[in-house]
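Q: I'd like to learn how to read a model like this one, feature by feature. Can we take it slowly?

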Number of protein chains: 4
Amino acid sequence: MSNVRTPDPNPGWLSDFALDETRSRVPILYVEAVPVRIDSHGQVEHVGVLLRASPAGTMTRSLVSGRVLHGESLRDALLRNLEKDLGPTAFPQLPVSITPCTVAEYFPLPGVTPLHDPRQHAVSLVYVVPVTGDCAPRHDALELTWLTPEEAVHPRVADEMEGGRGLVVRQALAHAGALPR
Amino acid sequence: MSNVRTPDPNPGWLSDFALDETRSRVPILYVEAVPVRIDSHGQVEHVGVLLRASPAGTMTRSLVSGRVLHGESLRDALLRNLEKDLGPTAFPQLPVSITPCTVAEYFPLPGVTPLHDPRQHAVSLVYVVPVTGDCAPRHDALELTWLTPEEAVHPRVADEMEGGRGLVVRQALAHAGALPR
Amino acid sequence: MSNVRTPDPNPGWLSDFALDETRSRVPILYVEAVPVRIDSHGQVEHVGVLLRASPAGTMTRSLVSGRVLHGESLRDALLRNLEKDLGPTAFPQLPVSITPCTVAEYFPLPGVTPLHDPRQHAVSLVYVVPVTGDCAPRHDALELTWLTPEEAVHPRVADEMEGGRGLVVRQALAHAGALPR
Amino acid sequence: MSNVRTPDPNPGWLSDFALDETRSRVPILYVEAVPVRIDSHGQVEHVGVLLRASPAGTMTRSLVSGRVLHGESLRDALLRNLEKDLGPTAFPQLPVSITPCTVAEYFPLPGVTPLHDPRQHAVSLVYVVPVTGDCAPRHDALELTWLTPEEAVHPRVADEMEGGRGLVVRQALAHAGALPR
């Protein structure tokens with residue numbers, strides 16, 4: 001079924017059918033980035049949150065994220081998804097270590113675990129990524145908002161985060177030593 | 001094609017055909033454990049290495065590892081694979097944090113990257129796991145050998161480690177502060 | 001001035017005068033432990049918080065903590081302070097890695113930073129430590145209370161934590177994947 | 001005895017006498033940086049090693065390091081010592097998290113532990129720090145050499161590293177996923 005796309009310049013991509021089938025079989029590996037603005041000492045000042053329109057037309061907030069493709073390294077996947085969601089002039093500082101700051105497990109059923117994804121069982125390696133350039137969200141994101149840590153953990157913002165990702169934001173801020181008191 | 005196995009008490013398992021097909025589509029998520037014996041202060045004294053017979057009949061050394069099944073949490077996968085490879089009386093101390101000490105990326109082509117797996121593109125979350133009980137390897141492992149850190153990083157041992165995992169052992173020992181001088 | 005204590009079976013200890021003088025000169029290194037009860041999968045179920053009477057007679061909550069003595073290793077300091085605060089039958093599981101889950105910086109002036117210690121500039125290496133035995137607080141601690149993660153991050157409890165340590169508790173829970181939603 | 005320096009624009013500094021006395025009383029807190037050059041994906045390509053002339057006139061290799069002063073934050077200490085050792089145009093990328101990649105314990109007696117410092121018991125928080133600008137070593141360093149990971153872990157280089165810091169380099173490279181095979 002993936003043959004129709006041969007010769008394929010990007011063989012990691014799957015048809016919708018193959019992807020749906022695969023999602024029913026194995027957990028799908030993601031990388032996820034919490035974009036941040038830092039001061040000269042490395043201290044987080046702002047967190048970047050994407051505003052997306054869901055297929056159902058409602059607005060939700062989200063983080064930079066995307067699948068790791070077959071044959072793709074984690075560093076390549078992270079850079080590709082940062083560029084996809086933040087544009088080509090964001091100038092992200094990729095982490096020196098590929099060990100994530102936390103691992104987020106999304107299960108299909110809401111309410112069972114703090115994080116969920118109705119499409120699939122996804123396991124996401126999460127990184128805090130400073131960006132120094134201009135962000136121009138493209139793809140399906142409408143807007144990138146820079147929030148202070150206080151704003152980012154506010155319950156109202158957390159409630160708008162897709163799939164329970166407000167928890168991921170708090171874990172990332174804790175890792176960065178930027179959880180509000 | 002997965003319908004033939006319905007009703008399935010263990011739906012995460014896949015037929016050989018479905019697994020092969022899936023392996024050609026997405027990176028497969030693994031958990032991997034470096035079993036260790038520690039002293040009362042938490043300092044690593046020995047590293048547990050499994051001796052396995054490969055399908056080709058040659059002997060190779062390996063670590064505790066296994067796929068994360070669809071719908072299975074990382075903690076469940078880690079505990080299940082520890083029990084599979086070390087037996088029911090190993091009494092592993094699972095880590096408080098599910099953030100791995102390192103992430104190992106295995107690609108199908110040997111020589112391109114330090115780690116490889118001829119079957120698939122695998123991404124493995126690696127944990128150092130103290131075990132306090134008796135280990136009784138089962139499954140396809142023949143023997144569990146406890147090596148000192150010096151022995152475990154010896155080039156001869158590293159050469160026998162499947163897929164380049166000698167590097168994973170050194171990363172795990174570095175994390176534990178147990179790299180030999 | 002430290003000569004009066006010669007011959008000293010425990011040379012890391014300092015007279016009150018020498019300690020005060022030293023505190024005015026350099027940051028003082030501490031180790032700090034967040035004791036936890038975990039389930040068989042390593043998931044945190046309860047956090048141990050100490051109730052202490054301050055010299056002023058008020059009650060405050062605190063964590064296991066203590067100075068690293070001259071010539072003492074971090075692992076020795078961690079084990080010694082766990083035994084000092086939790087008693088000899090707590091059976092703590094010391095971490096495999098001595099890399100802390102977070103570093104807490106306490107400055108003498110309240111309000112400048114989230115954490116403060118009126119006595120000194122202290123830098124504390126923080127560890128999450130599962131304990132499996134019975135805890136019998138001694139020393140100057142009156143009681144050890146086991147709180148659920150939800151209880152431990154409650155603002156009322158956080159307000160009672162000495163020196164702003166409610167933040168340290170949230171960082172430790174974030175590290176352990178146990179922050180409440 | 002520190003009164004003679006009043007009014008002191010930099011109160012964290014100590015007289016030689018006060019520093020010697022303090023070193024006999026408590027472990028001294030350091031920050032240490034392993035400078036690296038990274039590619040656009042964050043992968044380490046080179047490690048920066050300083051060549052220093054020891055007081056005895058012999059040449060030794062070392063890392064960026066220095067004391068944390070009284071009242072100084074870890075981030076301030078890290079930035080100050082990077083500038084001291086690499087000059088004002090190195091443009092280091094300070095880490096988002098102040099949690100170190102490893103903690104190095106130096107004891108005064110050689111041979112007892114892998115790391116030693118004849119002057120003192122020092123505890124050093126170690127960070128891997130990408131630098132993007134030009135490094136102009138000053139202070140007492142003669143030269144900064146950029147080594148590949150393979151060169152940096154070579155036994156001959158490791159033997160020249162002050163106080164056993166070859167081990168720290170290997171731990172830092174392991175953290176960064178850049179240990180040679």
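Q: Where is A:Phe91 found in chain A?
A: A:Phe91 sits in the loop between α2 (74-86) and β5 (102-106) of chain A. Helices (H or I, at least four residues) and strands (E, at least two) are DSSP runs, numbered from the N terminus. Before going on: this is a predicted model, where local features need pLDDT of at least 70, side-chain atom pairs count only at pLDDT 80 or more, and totals for chains, interfaces and linings use all residues. Residues are numbered from 1 along each chain as its sequence is written, while chains are lettered from A and ligands numbered from 1 in the order in which they are written.

Q: What is the phi of A:Phe91?
A: Phi of A:Phe91 is near 50°, a positive value in a residue other than glycine. In chain C, C:Phe91 has a positive phi of about 50° too, and it is not a glycine either. C:Phe91 is in the loop between α2 (74-86) and β5 (102-106) of chain C.

Q: How do I read burial, and is A:Phe91 buried, exposed or partly exposed?
A: You count neighbours: a residue is buried if 20 or more other C-beta atoms lie within 10 Å of its own, exposed if 12 or fewer, and partly exposed in between, with C-beta atoms placed from the backbone. A:Phe91 has 14 other C-beta atoms within 10 Å, so it is partly exposed. C:Phe91 also comes out partly exposed, with 14 other C-beta atoms within 10 Å.

Q: And D:Val126, buried or exposed?
A: D:Val126 counts as buried because it has 24 C-beta neighbours inside 10 Å. D:Val126 lies in strand β6 (residues 122-130) of chain D.

Q: Which residues does D:Val126 touch?
A: Contact here means that the C-beta atoms of two residues, placed from the backbone, lie within 7 Å. Not counting residues up to four places away in sequence, D:Val126 touches several residues, including D:Glu32, D:Val34, D:Cys101, D:Val168 and D:Ala172.

Q: How do I read strand pairing, say for β1 and β2 of chain C?
A: Two strands pair if DSSP finds at least two bridges between them. In chain C, β1 (residues 28-38) and β2 (residues 44-53) run antiparallel and are joined by three bridges. C:Arg37 stands opposite C:His46 in β2(C). Their hairpin has five residues between the strands, and there C:Gly42 takes a positive phi near 90°.

Q: How many bridges join β2(C) to β3(C)?
A: Four bridges join β2(C) to β3 (residues 59-62), and these strands run antiparallel. C:Leu50 has C:Ser62 in β3(C) as its bridge partner. The hairpin of β2(C) and β3(C) has five residues between the strands, with C:Gly57 at a positive phi near 95°.

Q: How do I compare copies of a chain?
A: Two copies of a chain are related by a rotation about an axis and a shift along it.

Q: How many residues of chain B are in contact with chain A?
A: 23 residues of chain B are in contact with 22 residues of chain A. On the chain B side, β5(B) gives the most, with three residues. That side divides into 13 nonpolar, eight polar and two charged residues. As classes go, Ala, Val, Leu, Ile, Met, Phe, Trp, Tyr, Cys and Pro count as nonpolar, Asp, Glu, Lys and Arg as charged, and the others, Gly among them, as polar.

Q: Which residues of α5(B) and α5(D) meet?
A: B:Arg170, B:Gln171 and B:Ala174 in α5(B) meet D:Arg170, D:Gln171 and D:Ala174 in α5(D). By class, this contact has two nonpolar, two polar and two charged residues. Ten of the ten residues of α5(B) (residues 166-175) are buried, so this helix is largely enclosed by the rest of the structure.
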